[in-house]
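User: Please guide me through reading the side-chain contacts, helices and surface of a model.

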Amino acid sequence: MWAVVSALIEGLVLGGLARLLIPGKQDVPVWLTMVLGMIGAMIGNGVAHLFGVADTSGIDWWRHLFQLGAAIVVIATVAPLWADRAKR
């Protein structure tokens, strides 16, 4: 149960940070921001594993940066698609 709650919180935080760092307005609801942030976290974890920096002693800064970068790419890709869908 805790894994689900922490995944939701992490997705919300990463999605929110990604939306703050992307220029312009993203017309996506909060629930979609959270889901896209979770997807970015999973992609970032995979990239961190590929580079061998997923598990380090202390805070995994590189893993978190990869997660944030992936969340930015995912939200920047999906937000215009969501806005086009909403206009129809």
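User: How many salt bridges does the structure hold?

Analyst: A salt bridge is a side-chain nitrogen of Lys or Arg within 4 Å of a carboxyl oxygen of Asp or Glu. The structure holds 2. This is a predicted model, in which local features need pLDDT of at least 70 and side-chain atom pairs pLDDT 80 or more, while totals for chains, interfaces and linings use all residues. Residues are numbered from 1 along each chain as its sequence is written, and side-chain values use heavy atoms, leaving out hydrogens and water.

User: Which residues form the salt bridges, and are they buried or exposed?

Analyst: Buried means under 20% relative accessible area, exposed over 50%, and partly exposed in between (1.4 Å probe, protein chains only). Lys 25 pairs with Asp 27, with the closest N and O atoms 3.3 Å apart. Lys 25 is exposed at 73%, and Asp 27 is partly exposed at 44%. Asp 60 meets Arg 63 at 3.2 Å, N to O; Asp 60 is buried at 9%.

User: What span does helix H2 reach?

Analyst: Helices are DSSP runs (H or I, at least four residues), numbered from the N terminus. The expected span is 1.5 Å times one less than the number of residues. H2 (residues 30–51) has 22 residues and reaches 31 Å from first C-alpha to last, close to the expected 32 Å. Its buried residues include Gly 37, Gly 40, Ala 41 and Gly 44. Gly 52, with a positive phi near 75°, follows H2.

User: Where is Leu 17 placed?

Analyst: Leu 17 lies in helix H1 (residues 2–21) and is partly exposed, at 39% relative accessibility.

Note on methods
Helices (H or I, at least four residues) and strands (E, at least two) are DSSP runs, numbered from the N terminus.
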